[in-house]
Amino acid sequence: MILFLQQLINGLSLGAIYALIALGYTMVYGTLQLINFAHGEVYMMGAFAALYLAKWLGVDQNPSVPGVIVVAVGAMAFCAVLGMTIERVAYRPLRKMSRLNMLITAIGVSLLLQNIGLLAFGALQSFPSLLPEAKWELTAGLVLRSQDVQIFTTTVALMLALHHIVERTQIGRAMRAVSHSRDTAALMGIPVDRVVSFTFAIGSVLAGAAALLIALDKHKIEPTMGSAYGLKAFVAAVLGGIGSIPGAVAGGLLLGLAETMVSGYIASTWRDAIAFILLIGILLYKPSGLFGKHTVEKV
Amino acid sequence: MSAVVNALELRDLDVWYGQIHALHSVNVNVEEGRITTLLGANGAGKTTLLRTISGLVKARSGTIRLGATPIQGLEAHEIVRRGVSQSPEGRQVFPNLTVKENLQLGAWIRSDKAGIEADIARIVGIWPRLGERMAQAAGTLSGGEQQMLAIGRAMMSRPKVLLLDEPSLGLAPVVVAGIFETIKAINAEGTTVLLVEQNAHLALRIAHTGYVLETGAIQQSGPAKDLLDDDAIRAAYLGG
């Protein structure tokens, strides 16, 4: 029972990170029907932006809560600008062409950013503790870490904010309209390009937040972290039903729990395999994902 | 007749889809304060013409004037801002958004909250059934209700010129009759209307002026009542 509860905490923590990144994949897919393979690299760049910003501001020497907030906001803003730039420079010129062109470009942007990361940042770097860390033993053998609490509270707050934007604001209604039909949205007077840009910004902000949370948890970041977490988050988005916001959250949590339960009860070597076993399973039995709408591809 | 002003003027409009010449130097005057109808069979280019006016398709040559201002080449959302809105073919309501959210999006270019609420109330006054379904997803509405919503949504930007693409499509005659009455009422309150229709009889009965489009070119035009009496039109579009 203790093992189960412990893996539940670990799984929700990991799953929250997957969910934050998966939201970026799913929202961009919703508006452009594009799998933005560069999204994982935006996440990676967010971690390094946070590192260099913390060093530059001296927050790594004198950690403080306001300091961390400045670093967080800075890293998230950096990701927003990066995400919007990628859309503007790499995807928008291709929007009228076949979707395959954009997909291949996305892979190209992903490789480009990863290699820029390797050139600029080298390999693994350690990430300083910016916040006091604590562990609480809830009962014998069941540990809750302050990092888990950070991840839960930040993720819940960001998801409530996202829900508010998408469901209650005019820009959120516009995002939903654009994801149904760009032409019809334009007939409402909605500046579609700006809405697409905003969608990239929101997704990238969430990735930036995920990057900082992971960096504060694991204390190491590397230029290839985007492909590992990015791929898992993409699987999470597909599990939940790509294009669906609740689906991305559910898929992320499900994947996180599946991974930690498998490492707890079977073997940690099976941890990565379970993600892809789940992916294959869902593609075989419910290709539209848990929350996805069943759509027939029109020929 | 000399007092009639053109709200919208299309001059020598040529539109190509790749290798296909979709519109051949089309000239249309949409007179201010009136209903102008554009008739034609499926594939004649009616929808292309409306999409070109709205900026979703770019003309290769020719001009589109709104009042005195050329608007061809402007982006679609900018054309709405200038005062031309469209209820597109097939209604195209946003199915996952509620009726109210659809109407709110129609008012995207406006920021006067009280005015927007008043206009939503006005549309509910015209179509009480939309009022009953305000919080319902638009995709759950019947075809007739979706058409009402699509027109209401296009009215929410308070356009000078309202473009309507086949509002009768796929609807029962009694529903169509109601919608055409409303189009007349909207026009009587001062909105200029360009109505694209296959249902020539109905359209000519509420319009002042008619144009007939055939394979991308205007074949005939004139006062609606003359077209109603025209033998060739009767044979081609009014069932003899």
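Which residue stands opposite Pro70(B) in β5(B)?

Okay, some housekeeping. This is a predicted model, where local features need pLDDT of at least 70 and side-chain atom pairs count only at pLDDT 80 or more, while totals for chains, interfaces and linings use all residues. Residues are numbered from 1 along each chain as its sequence is written, chains are lettered from A and ligands numbered from 1 in the order in which they are written, and side-chain values use heavy atoms, with hydrogens and water left out.

Back to that opening question: the residue is Arg65(B). Arg65(B) is also the bridge partner of Glu9(B). When I say helix or strand, I mean a DSSP run, H or I of at least four residues for helices and E of at least two for strands, numbered from the N terminus. Two strands pair if DSSP finds at least two bridges between them.

So let's look at the first sheet in chain B. It's open, with four strands in the order β2-β1-β4-β5, and the pairing is antiparallel. At the edges sit β2 (20-31) and β5, each pairing on one side only. Inside the sheet, β1(B), residues 6-17, runs antiparallel to β4(B), residues 61-66, over five bridges. Leu10(B) has its bridge partner in β4(B) too, and that's Ile64(B). On to β5(B), residues 69-70, which pairs with β4(B) in the antiparallel sense over two bridges. Those two make a hairpin with two residues between them, and Gly67(B) in the turn has a positive phi of about 65°.

Next, the other sheet in chain B. Here we have six strands in an open sheet, ordered β6-β7-β8-β3-β9-β10, with mixed pairing. The edge strands are β6 and β10 (217-223), each pairing on one side only. From one strand to the next, the twist averages 20°, with axes being lines fitted to C-alpha atoms (for helices over the stretch in contact) and angles running from 0 to 180 degrees between N-to-C directions. One parallel pair here is β3(B), residues 35-39, with β8(B), residues 192-197, over five bridges. In that pair, Thr37(B) stands opposite Leu195(B).

Now over to chain A and its helices. Several α5(A) residues are buried, including Ile151(A), Thr155(A), Leu158(A), Met159(A) and Leu162(A). Buried here is under 20% relative accessible area, against over 50% for exposed and partly exposed in between, with a 1.4 Å probe and protein chains only.

Then there's α9(A): its 16 residues should span 22 Å, and the ends are 22 Å apart, which agrees. Because 13 of the 16 are buried, this helix is largely enclosed by the rest of the structure. Just after α9(A), Gly241(A) takes a positive phi of about 110°.

Of its 22 lining residues, the closest to the centre are Leu14(A), Ile214(A), Lys218(A), Tyr229(A) and Arg271(A). Elements giving two or more residues are α1 (2-32), α5, α8 (192-218), β4 (220-221) and α9 (225-240) of chain A. The largest share, five residues, comes from α1(A). By class, that lining divides into 10 nonpolar, five polar and seven charged.

Quick note on terms: on a 1 Å grid over the protein atoms alone, a cavity is a set of points where a 1.4 Å probe fits but cannot get out, a pocket is an open set with protein on both sides within 12 Å along at least five of seven lines, and lining residues have an atom within 4 Å of a point. Volume is the space filled by probe spheres set on the points, which are joined across faces, edges and corners. For classes, Ala, Val, Leu, Ile, Met, Phe, Trp, Tyr, Cys and Pro are nonpolar, Asp, Glu, Lys and Arg are charged, and the others, Gly among them, are polar.

Last stop, cavities: there are two of 30 Å³ or more. The largest holds about 60 Å³, and its lining includes Ile64(B) and Ile71(B).

Key:
The expected span of a helix is 1.5 Å times one less than its number of residues.
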